[in-house]
Structures are given as C-alpha cells and as structure tokens.
Amino acid sequence: MASSGEAVPRTYGGPAGWISVAIPAALFAYFLQFVPVIAAGTPVVVGFDWVASLDIRLSVLIDGLSLTFALLISGIGTLVTLYSTKYLGEHPEYPRFVLYLMMFMIGMLGLVLADNLIALFVFWEITTISSYLLIGFTSDEAKSRRSALQALLVTGTGGLALLAGMILLGNVAGSFELSVILAQGDMIREHPLYLPILILFLAGAFTKSAQFPFHFWLPNAMAAPTPVSAYLHSATMVKAGVYLMARVNPALGETDVWFWTLIIAGGFTTVFASILAIRQTDIKQVLAYTTLMALGALTLFIGVGTADAIKAMMIFLVVHSLYKAALFLMIGIVDHETGTREAEVLRGLGRKMPLTFLGGAIAAISMAGIPPLFGFIGKEFLYKAGLELDTAMIWVTGTIFAASVLMFAAAGISVLRPFTGPLADTPRPAHEGPWAMWICPLILGVFSLGFGLFPDTAEAWLIAPGTWAVYGDYGYEVDIYLFREVNAAFVLSLVTFAAGAVVYAFHRPLRDWLGRVFEANPIKFDPGWDRVLDGLKALAGWQTRLLQSGVLQKYIFVIFLTFAVGVGATIYLKDALQISVDLRAEYDALSFKVWAVLIFITAGALLTAYTQSRMAAVAALGVVGIGVALIFIMFSAPDVAITQLLVETLVVVLVAVAMLKLPHLGLTKDRGRRPLHAALALTVGTLTTLVLFAVLQSDLDRRLTDYFEIASWPEAFGRNIVNVILVDFRALDTFGEIAVVVIAALAAYALLRGTQYGPPRDEIEGEERR
Amino acid sequence: MSWVLASPIIIPFATAVLAFLFRAGPEGRWISVIGSAGLLIASGVLMAEVLDKGVVAAQMGEWAAPFGITLVADLLSAVMVVITGITGLAVAVYALADIDTRKEQLGYHALFQVLLAGVCGAFLTGDIFNLYVWFEVMLIASFGLLILGGRKVQLDGGIKYVTLNLISTIMFLSGVGLLYGMTGTLNMADLHGAVQTVDNPGLLVVVAIMFMIAFGVKAAVFPLFFWLPAAYHTPAISVSAIFAGLLTKVGVYALIRTFTLIFTTDIAYTHTILLWVAAFTMVTGVLGAAAMNDFRRILSFHIISQIGYMILGLALFTPLAIVGAVFYLVHHIIVKANLFLVAGVARRIAGSTELDRIGGLYTYAPFLGLLFLIPAFSLAGFPPLSGFWAKYVLVKASLDAEVYWVAAVALVVGLLTIYSMTKIWGNAFWKPHPAGATPRLSDMTGLERSALLTPIAALAILTCIIGFFPQPFVDFATRSAEQLLDPTAYVTAVLGPDAMPVVEADGLAEGEVTE
C-alpha cells in the first residue's frame with residue numbers, strides 16, 4: 001500500500017501494453033505455419049496491385065531468407081514489447097513508444113517479405129522514420145536528438161541511393177518483382193548499368209547496416225531506450241542491409257566488384273568494431289560495437305559467396321540475433337534496477353539478480369562461441385567456410401579469428417564481470433527485475449541452447465531454406481552439426497578460447513592503451529559528421545546571403561540581367577533578328593513631329609532615372625505618359641489618347657498624394673553601381689526594341705481586326721470598335737481590370753487605415769534579413 | 001455561356017462583394033466560408049463534367065473563338081480548380097479563428113475571395129491576354145492581403161513583392177504583344193496552331209524565353225524567386241498558407257500550359273533551359289531552407305525547392321515526367337498550405353515561429369505533432385505519403401530519360417529537405433520550450449481548436465489518402481499528361497473539330513529530351 005503523499009506509480013499505457021504484445025505474438029504464430037512449406041523448398045509468392053500503372057505491387061515473397069527474418073522480427077518483437085510493458089510502462093509517452101515500435105515492426109516485416117522492389121523501399125523508409133522517432137524518444141536531451149538526426153540522415157542518404165538503384169535495376173530487368181529479377185542474374189551482371197546499380201544498392205545496405213565508413217551512427221543510436229536497442233540495433237533494423245545484400249546476391253553477387261567490396265568493407269568493419277568494443281566501459285556500448293562486428297562478419301561472408309560461406313552466414317545471423325537481443329535486454333534490466341551500465345562499477349550482481357544472470361550467461365556463452373550453444377556452431381562454420389578458401393584468402397579466417405577472440409573477451413566484460421565477484425555499490429540497490437523483463441533473455445536463451453543441442457531442427461527450419469534462397473541453388477545439401485570430428489576449425493576454436501581468456505584477463509590495461517591510441521588518432525568519424533553538417537550550414541548560409549540579400553535593387557538587377565542574358569543569348573543562338581527593312585530610309589522618313597515626341601519621351605525617362613526627388617520622378621514619369629498619348633494622337637486615335645491622358649494624370653496625382661503620406665522606404669542610393677544599372681537598362685531596352693522590330697518584319701495577321709470591323713456594328717451594335725472590344729468582345733478582360741482597380745482602392749484603403757490603429761501588437765517576426 | 005466553367009470565377013467574386021458589405025460584423029467570415037464551400041462544390045461539378053465529357057470550353061459572350069474570350073477546362077485546369085476549392089475552404093475555416101476583427105474590417109475576406117477568383121480565372125482561361133488580367137487580379141488582391149495589418153516588415157515584404165511581380169507582369173504583357181504581333185491571335189488553342197507557321201521560328205523562341213522569365217518570376221524559380229522569401233513569412237498565417245499553396249503554382253501552371261500548348265516548337269532548346277532552371281531551383285531553394293531558423297521561412301524556401309521538382313517534370317517532357325509534374329503540383333498545394341497552418345497553431349500556443357524561441361510541442365501537444373509529421377514527412381518524400389509518389393515518379397522519369405545527373409540532384413535535394421524538416425521537428429517539437437512553457441492545444445478555446453485544427457486534420461487525411469491509395473491519382477495524372485502532350489482535344493474543344501490543320505512539332509509525341 002502506498003502511503004498518502006507518496007506518488008503511486010501509474011501505468012499510462014492502458015491497453016497499449018497487451019495489444020503491443022499480442023500483435024507480434026500473433027504474427028509469429030502465423031509465420032510459423034509457413035515453416036514446413038518453406039522447408040520443403042517451395043517459395044510462396046502472392047500479392048496484389050498497388051499502383052498498377054507504375055508496376056508497383058504489394059506482393060510477398062516468402063522463402064527461407066524472408067521467413068527466417070520474419071520469425072526473428074515477430075518473435076523478438078514479442079519479447080521486446082513484453083519487456084517494454086515493464087521497462088517503459090510508467091513513462092507518460094509509453095503509448096507513443098508502442099505506436100512507433102509497431103510501425104517499425106510492420107516496416108521491417110514488409111521489408112523482408114516484399115517481392116516488389118518499390119514496396120520493399122516503402123517499408124525500408126518506414127523503418128528509417130520509425131527508428132528516427134525511437135532513437136529520439138528521450139527528446140528533451142540534445143544528445144538523443146542529435147543521434148536520431150544522424151541515424152536518419154545517414155540511413156536516409158543510403159535509402160535515396162537505394163531508390164535510384166532499384167529503379168535502374170527494375171528498368172534493366174523489366175520488372176520490379178524480386179522473384180523475376182533474381183532469375184536474371186547473368187543478364188544483369190553483364191548490363192552496362194550493373195556497376196552503378198551495385199554501387200547504389202551497396203550504399204543503401206552499408207549505411208543501414210553501419211558498415212565502415214558509415215558505422216558511426218550505430219553506437220550513437222544507443223541513445224534510444226534499451227528495448228529499442230535490443231530490437232532495432234541488434235536483431236532487426238541494422239540487419240536490413242544484410243538482408244538486402246543476401247536478397248540480391250543471386251542477381252548482383254558473384255562478381256569481382258561485389259566480392260572485393262563486401263569482403264574489404266565487411267572484414268575491416270569486423271576487426272575495427274571488435275577492437276572498439278573492448279575499448280568501451282559502458283556495457284551497452286560494448287554490445288553496440290559487437291553488433292557492428294557481427295554485421296561486418298555477415299557482410300564479409302555474403303561477399304565470399306561460396307555455398308558454405310552463405311550457410312555460415314545464415315547460421316551466424318540467427319545465432320547473433322538470439323544472443324545479442326538477450327544481452328541488450330539483460331543490460332536493460334541491470335540499468336533499470338541498478339541505475340548504471342558502467343563495467344567499472346558493476347560487480348557481483350549474480351546473487352541479487354540470478355534470473356537475469358542466467359539469461360545473460362546463456363547469451364554470453366553463445367557469444368563466446370562455447371559449446372553446446374548455437375554460437376559455437378556459428379563460429380565453427382564461419383571457420384570452416386573461411387578455411388576452405390584459397391590460401392591467399394587466409395586473412396578471411398584471420399579476421400574471424402580475431403573477432404571471435406575479442407567476442408570471447410566482450411562476453412566476459414559484459415556478463416562475467418558484472419555478475420560475479422563481490423557485490424559493489426550501485427546508484428540504486430540491485431534487485432531482480434519484474435518477470436516480464438527477465439523472462440525475455442531466458443526465452444531467447446532456450447533457443448540458443450536448443451538450436452545448439454538440436455542443430456538439425458535449426459537446419460531444417462531456417463538454415464537450409466535460407467541458404468538455398470541466398471545462394472540461389474535449391475539443390476545444395478545443407479548439413480550442420482554440433483561436433484563430428486577434431487578438425488582444423490575445432491582446433492582453431494580451442495585456440496580462440498585460450499586467446500580470448502588472455503585478452504579478458506588483461507582487458508583493463510588493454511582498454512586504457514586502446515583509449516590512448518584512439519585519442520591520438522586524428523581521423524574521428526563522429527566529430528567529422530558535425531563538421532560535415534557545419535559545412536553544409538555554412539554553405540547554405542553563404543548561398544542564401546548571396547542570393548537573398550534583402551536589397552530590392554539587387555533583386556531587380558538580377559531579374560533584368562536574366563532577361564538580358566536569356567533574350568540576348570536566344571537572339572544570337574537562334575539568329576532571330578532577320579530585319580530586312582532599310583532602317584536608314586525609315587530613319588530619314590521620320591518627321592519633325594515624331595522627333596519632337598521622341599525627344600519629349602526620352603527626356604522624361606532620363607529625368608525619372610536621374611532625379612533624386614521622388615516627386616520629380618513621378619512628374620517626369622507623367623511626361624512619358626503624355627508623350628505616349630501624343631503618339632496615339634499622331635496615329636489618329638484621339639479616344640485612346642484622351643483615355644491615356646486621363647489615366648496618366650490620375651496616376652501622377654494619386655501617386656504624388658500617396659508619397660506624401662507614406663514613409664520613405666529607404667531604398668539605398670548606391671551611386672557607384674549606377675553605370676552598371678544604366679548599362680543593363682540600355683541593354684534590356686535595346687533588346688526589347690530589336691525584338692519588336694523583328695516582329696514587325698512580318699505582316700500582322702488581321703483575322704481578329706477584320707472580324708471586329710465586320711462584326712462590331714451588325715452584331716455588337718457599336719460603332720466604336722475599341723469600345724465594343726472593351727465592353728463586348730473582350731468584356732471579361734475589362735471586368736477583371738475593373739476588379740483590379742476596385743481592389744487596388746480597397747488595398748490602399750486598408751493600407752492607409754491599417755496604419756492608424758496605433759502601434760502594432762504582438763508581432764514577432766523581424767526584417768527579411770537577420 | 002457555360003455556368004459550369006464560369007461559376008468558379010463568379011462565386012468567389014460574388015462572395016467577395018457580400019463579404020465586403022458585411023465586413024463590420026461576424027457575418028463576413030461565415031459568408032467567406034460558405035462562398036468557399038460553394039466554390040468547392042462548383043469545382044467538383046466542373047471536374048465531373050471534364051471527367052465525363054473530356055475538355056470543356058465556353059465562349060464568353062457567345063463570341064466564337066478566337067474572336068472573344070474562351071474559358072476552357074481540361075483535366076489539369078479542373079484539378080487545379082478543385083484544389084483551389086479545397087485549399088480555399090480549408091483556409092477560410094482556419095481564418096475564422098486566425099483573422100482578427102481589425103483585419104476583417106479592412107476587408108480581409110473580400111480580398112481573399114478575389115484572390116481565389118483570380119486563381120480560378122487563371123486556371124480556366126483559354127486566352128493569353130485574359131491570363132494576364134487574372135494575374136493582375138491575383139497580384140493586387142495578394143498585395144492587399146500581404147500588407148493588411150500594416151507592420152513595417154509587412155510593408156517591406158509587400159513592396160518587394162509588388163515591385164518584382166510588376167516587372168514580371170510587364171515582361172508578360174510585352175510577350176503577349178509580341179506574340180500577337182507574330183500570330184495575330186490571343187486564343188491559346190489558336191496559338192497552338194498559329195505558332196507552327198510563323199515566318200521567323202527563332203524569334204518565337206525569343207518570345208518563349210520572355211514568357212519563361214515572366215512566368216518564372218511568378219513561379220519563383222532560380223534566379224527569379226527573391227520576392228517569395230521576402231514576403232511569405234510576414235502576413236497572417238491564413239494569408240501565408242493560401243499564398244504558399246496557390247500563388248506560385250499559378251506560375252507553374254502557366255509554364256506548364258504555355259510550354260506544352262504553345263512553345264513546343266524548339267523543345268531541345270527551351271526545355272533544356274528549363275531542366276537547368278529546375279535543378280538550380282531545387283538546390284538553391286533547399287539550401288535556403290537549410291539556412292533559415294524560422295518555421296515559416298524554412299517552409300517558404302521549401303516552396304522554391306519544390307517548384308524545381310515540378311519544373312523538372314515539365315522540362316523532361318516525357319509522358320511519365322508530366323505525370324510527375326501534375327502529381328507533384330496537386331500534392332504540394334495540399335501539403336504546403338497545411339504546413340503553414342500548422343505553423344500558425346504552433347505560434348499560437350508556443351508563442352513564436354522562430355525556432356530558437358519555441359519548443360515542447362511534442363510533449364504537450366502530441367496531436368499537433370502528428371498533424372505536423374504527416375505533411376512534413378510527405379513533403380520530405382517519405383513513403384507511403386503523397387510526396388513519395390511525386391518524387392518517385394519524377395526520379396523514375398529522370399532515370400528513364402537517362403538524365404542521370406538530374407535524378408541525383410532530385411535525390412540529394414530530397415535528403416536536404418528531410419534535413420530541414422527535421423530542423424523544425426527537432427526544435428519546435430522535440431526540444432523543451434526555452435522559456436519552460438507548456439504549449440498545449442487545450443490552451444486554446446474550443447472554437448479556436450475546431451476552426452484551426454479541422455482544416456489541418458482534413459488536409460492531413462487527404463495527404464494520407466493520396467499516399468496510401470495513389471492509384472486513382474496516378475491514373476488521373478496520367479490522363480492529364482496525355483491531354484497536355486497531345487493538345488488535340490484541347491484545341492478542338494475550343495476551336496471546333498476541324499481546328500487541327502497543322503503538323504505536329506517533331507518529337508512531341510515521343511516527348512524526348514534532347515541534351
């Protein structure tokens with residue numbers, strides 16, 4: 001009973017908790033049904049159209065690979081959601097958490113089951129979005145937000161590359177259906193677009209699966225709550241890239257580029273990550289780096305590509321998912337119940353948390369590769385596949401050996417040390433967690449142990465069908481076993497244990513030494529990421545200040561410059577100035593009257609440009625207008641001329657009045673640039689005049705004029721054709737223009753009235769530039 | 001005269017008059033809502049008619065084309081009018097709580113309705129000079145809306161807006177004059193035939209460039225977009241939203257219309273220029289967004305960037321690319337207007353649109369977070385939302401046309417769009433409020449909540465529908481693209497069945513982009 005005044009822990013979830021467990025559990029049960037079908041070697045392809053005209057279908061391909069993934073996703077998903085009911089059930093944002101987790105799970109299942117490439121991409125991006133929201137779950141911490149953004153942008157970059165690769169692959173293969181594409185491997189590998197497609201696909205896979213040099217986002221993603229780390233960053237999402245490579249192996253694999261790219265990236269990531277794992281003191285970080293190592297190893301063996309390598313890859317995939325999820329869940333319990341994850345602090349928890357210890361220990365033994373756990377089998381077959389290769393490729397085995405030694409040590413660091421020895425003080429006194437939490441690593445442990453003791457089951461259900469699907473050969477005989485004979489791989493295992501024990505014994509001095517080495521290393525990816533973002537911001541700021549300067553004159557200048565360049569260049573390129581009239585004769589024919597009007601207009605224009613006074617400029621502009629009216633008079637259009645005079649007078653008066661009222665708008669008087677502006681103005685004017693000349697070269701098509709002359713009186717009952725055009729033939733124009741005048745008056749009214757309402761209230765935006 | 005074609009113009013004009021008469025009281029705003037609903041219904045009727053009968057045309061005053069003015073609606077025009085109706089209604093409802101009485105008394109609702117009328121007029125006219133008139137109507141109404149309230153920053157933005165747009169208008173008008181001088185007609189369907197027989201094809205290209213620049217200013221493409229970021233963040237949120245949704249899109253529409261119907265005589269030249277314009281517009285716009293630190297400013301620069309995508313579709317000039325352009329146009333209007341509406345709610349409850357001064361919305365207003373994420377992720381092109389299909393079709397069209405570099409540009413710009421959207425999300429939603437405030441939707445009155453959130457939710461649902469069930473929308477865009485690439489139906493609807501005498505321009509049917 002809670003005493004009064006003590007806060008009663010509240011569960012916010014309502015039904016969110018059990019719903020979130022029921023969904024993956026039901027899915028797991030559903031997928032189990034497919035096990036016998038798939039084990040028989042018959043993939044299932046079903047689906048329906050989504051966007052038929054774009055060949056996008058929601059189609060499903062269930063074979064050994066996708067079923068293995070689907071079972072892992074839904075199975076581990078069930079445990080993680082069960083675990084979360086206790087881990088986060090009291091968090092006020094728990095329902096949101098569950099929502100994102102479900103969204104993620106659906107995305108992940110869709111990704112591995114999709115037969116259509118574009119549908120696969122849709123789900124791929126759903127996992128990206130939901131992991132963004134999950135990594136940033138502790139959103140009030142800047143570190144979480146940064147990590148979430150980093151994961152989003154790194155995997156998002158790869159995602160967009162992947163999209164391009166998928167479209168190209170679809171175009172090459174003539175279909176977006178994987179079941180069709182995978183059958184055309186030879187044709188695709190010989191296509192000129194093979195290399196671009198491969199690069200784009202690997203960009204997607206490497207970023208998602210955190211292969212070097214895109215590895216840096218994954219350890220940061222540990223900012224997410226631990227169940228998320230267990231689910232997304234060990235068992236599922238990061239394996240999406242591995243899945244993709246395995247999936248397209250029959251179509252894109254088995255070339256030199258594929259081979260070397262994958263084994264170099266995978267091999268390097270493996271070793272690099274295992275060393276970094278030893279360096280950490282936060283156990284969750286140790287696990288994060290061992291995840292990187294596992295991803296590297298999976299990539300490496302897909303790259304090697306022999307049937308045995310693929311088989312080893314499939315085994316290790318299952319092995320790793322089982323033990324890594326368990327270990328993350330274990331450290332989550334420790335963190336939850338003691339308040340720390342520091343390897344230097346935690347000791348002797350075994351007595352206080354025996355069930356957590358048991359679950360963790362099984363996982364750790366599997367990770368260390370000790371028999372009879374499934375992890376031992378995984379390691380043995382990696383060694384076997386490595387040793388079968390050419391002697392020149394002995395370093396593949398070496399890589400796996402090094403990684404296995406360090407895994408052995410990491411298993412000790414993350415479980416043996418914290419749970420054994422004398423009990424140490426922790427921020428919260430250590431005690432066992434709730435059953436919904438400790439049961440999860442144990443269940444995973446049951447599988448780790450069960451598959452180790454009964455490898456034939458694992459072989460028949462998952463490994464063999466998976467190997468067939470990835471290797472693309474359903475005739476290959478898959479055989480896995482715990483122990484048969486003492487061979488090279490077994491001896492290597494024994495050496496691994498010995499070396500691993502030594503590394504574990506000296507892991508603290510080794511860690512300090514590695515720390516110093518890495519401190520001295522100038523190439524740092526995580527700070528490098530910040531520099532890339534800063535560079536991007538600087539570039540964006542520079543370009544925006546350059547373009548959007550806030551100075552109206554510059555804007556006007558650029559627009560007219562664009563006009564001058566665009567029109568000028570086009571005139572030149574298209575040879576558009578075909579002027580055949582004798583300009584000299586035209587010039588001589590100009591009468592005195594015309595000259596007078598031209599000088600009048602030019603003087604008005606020059607005055608407008610030169611004067612310092614706004615009032616004088618307005619008046620001078622009026623002079624130009626009157627000059628235009630004079631032209632109308634010369635061409636015997638007195639009615640138009642009168643209209644022009646009236647409008648011009650009104651405009652001058654109104655603008656002059658407005659200018660008396662309005663504040664000076666502070667247009668800068670940059671006299672230094674005036675010659676430049678004048679030159680541009682002259683160019684634009686000249687170009688426009690030239691184009692006009694060119695247009696006047698051909699006779700006007702008089703269809704409309706003739707029609708108006710004929711129809712004006714008999715049909716529209718007006719003798720003044722201009723009037724009839726305005727009020728009848730083109731009445732809609734006139735209506736629109738009247739609306740313009742009315743609205744202009746309305747706007748002017750609003751402007752003048754609007755400023756009389758006292759000082760503006762509330763407002764928060766500043767000037768255009770800041 | 002066809003009421004079906006004229007009513008999307010008449011209804012908002014009539015509403016404007018009524019709203020102005022009743023501007024002093026609360027009736028004005030409801031008149032605006034009812035009028036906008038009427039416009040939406042009218043647009044629906046028009047769409048039904050176009051879907052049923054193909055391109056419909058009506059001669060104003062019964063003067064036969066090309067002598068009078070023709071109103072004409074093909075699928076593109078019809079869908080643009082529908083989308084105007086949807087956005088107009090959403091913003092009119094939003095304005096119930098967003099626009100204060102002072103702005104109402106100064107004639108906000110009348111200006112708003114005239115703007116809608118101008119937009120619909122521009123979409124429906126079949127006459128190039130009449131298009132100019134509608135541009136003027138839009139320009140003056142939008143200027144009025146922009147400066148309503150009279151703050152200095154508004155005037156500053158307003159002056160830039162009106163000056164630069166007037167320059168565009170003058171170039172447009174010069175272009176119309178020159179085009180008339182060369183062809184003797186203003187009717188766009190008639191122009192389609194007339195431009196094939198001009199004496200000096202090179203000169204026609206020069207005039208096409210003048211139109212490209214004039215419409216380019218309106219559409220806010222590189223390097224002509226300055227007026228947009230200068231002005232869009234200054235007025236009331238309702239005004240920003242309707243501008244963001246519709247104004248630049250009229251420019252894009254005009255570009256699509258004229259560069260599929262009239263200026264297709266030298267595609268290799270004009271559309272290659274458009275391709276470069278598209279690429280630069282995408283890149284400069286999104287970099288501008290990345291440089292900004294204000295909710296509305298980021299969104300404003302995004303508009304520019306996405307105009308680039310639409311122009312890209314036009315520039316590639318393949319059937320699939322035009323599908324992409326049409327799809328993008330429709331998707332973008334809904335999403336973009338909606339994001340501005342969300343920005344308004346964020347400002348109301350968190351106190352600002354400046355990202356440094358707000359926060360905590362995710363914790364305290366999670367529903368708003370959801371309403372933001374849908375359009376934001378859609379804009380960023382995440383599947384399965386509407387923006388993904390828009391982006392996908394354009395990227396695929398670029399790759400199919402083997403213009404790989406522009407596909408790369410489109411994808412990288414997509415990534416930068418994600419980056420700048422997360423900037424808003426990270427700062428306004430995830431980050432705690434710097435002043436420790438707890439911005440909750442329940443801080444608003446019930447009326448405010450329903451008036452502000454209903455349109456946002458409705459537009460978000462629409463975004464999801466397009467995203468999850470894209471098939472009918474893609475089909476629609478496909479049919480629309482077919483009409484645009486083969487204007488026979490358009491021309492015969494306007495001029496009669498015998499009006500396609502001239503030869504088609506080379507390569508029009510194949511629609512290839514020539515490098």
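This is a predicted model: local features need pLDDT of at least 70, side-chain atom pairs count only at pLDDT 80 or more; totals for chains, interfaces and linings use all residues.
Residues are numbered from 1 along each chain as its sequence is written, and chains are lettered from A in the order in which they are written. Local features need pLDDT of at least 70, side-chain atom pairs count only at pLDDT 80 or more, totals for chains, interfaces and linings use all residues, and side-chain values use heavy atoms, with hydrogens and water left out.

**View 1. A salt bridge between Asp530(A) and Arg146(A).** A salt bridge here is a side-chain nitrogen of Lys or Arg within 4 Å of a carboxyl oxygen of Asp or Glu. For this pair the N to O distance is 3.0 Å. Asp530(A) belongs to helix H23 (residues 525-547) and Arg146(A) to helix H6 (residues 142-173), so the bridge ties together parts of chain A that are 384 residues apart in sequence. Helices are DSSP runs of H or I with at least four residues, and strands are runs of E with at least two, numbered from the N terminus. Asp530(A) is partly exposed at 30% relative accessibility, and Arg146(A) is partly exposed at 25%. Buried means under 20% relative accessible area, exposed over 50%, and partly exposed in between (1.4 Å probe, protein chains only).

View 2. The closest N and O atoms of Asp186(A) and Arg189(A) are 3.2 Å apart. Asp186(A) is exposed, at 55% relative accessibility, whereas Arg189(A) is buried, at 18%.

**View 3. A buried pair in chain B, Asp74(B) and Arg257(B).** The two residues form a salt bridge with closest N and O atoms 2.7 Å apart. Asp74(B) sits in the loop between strand S2 (69-73) and helix H3 (75-98), while Arg257(B) is in helix H11 (residues 237-261), 183 residues apart. Relative accessibility is 2% for Asp74(B) and 3% for Arg257(B).

**View 4. The contact between chain A and chain B.** Contact means heavy atoms within 4.5 Å, and it takes 108 residues from chain A and 125 residues from chain B. The rule finds 3 salt bridges across this interface. Arg730(A) and Asp127(B) meet in a salt bridge with an N to O distance of 2.5 Å. On the side of chain A that touches chain B, helix H32 (residues 731-754) gives the most, with 16 residues.
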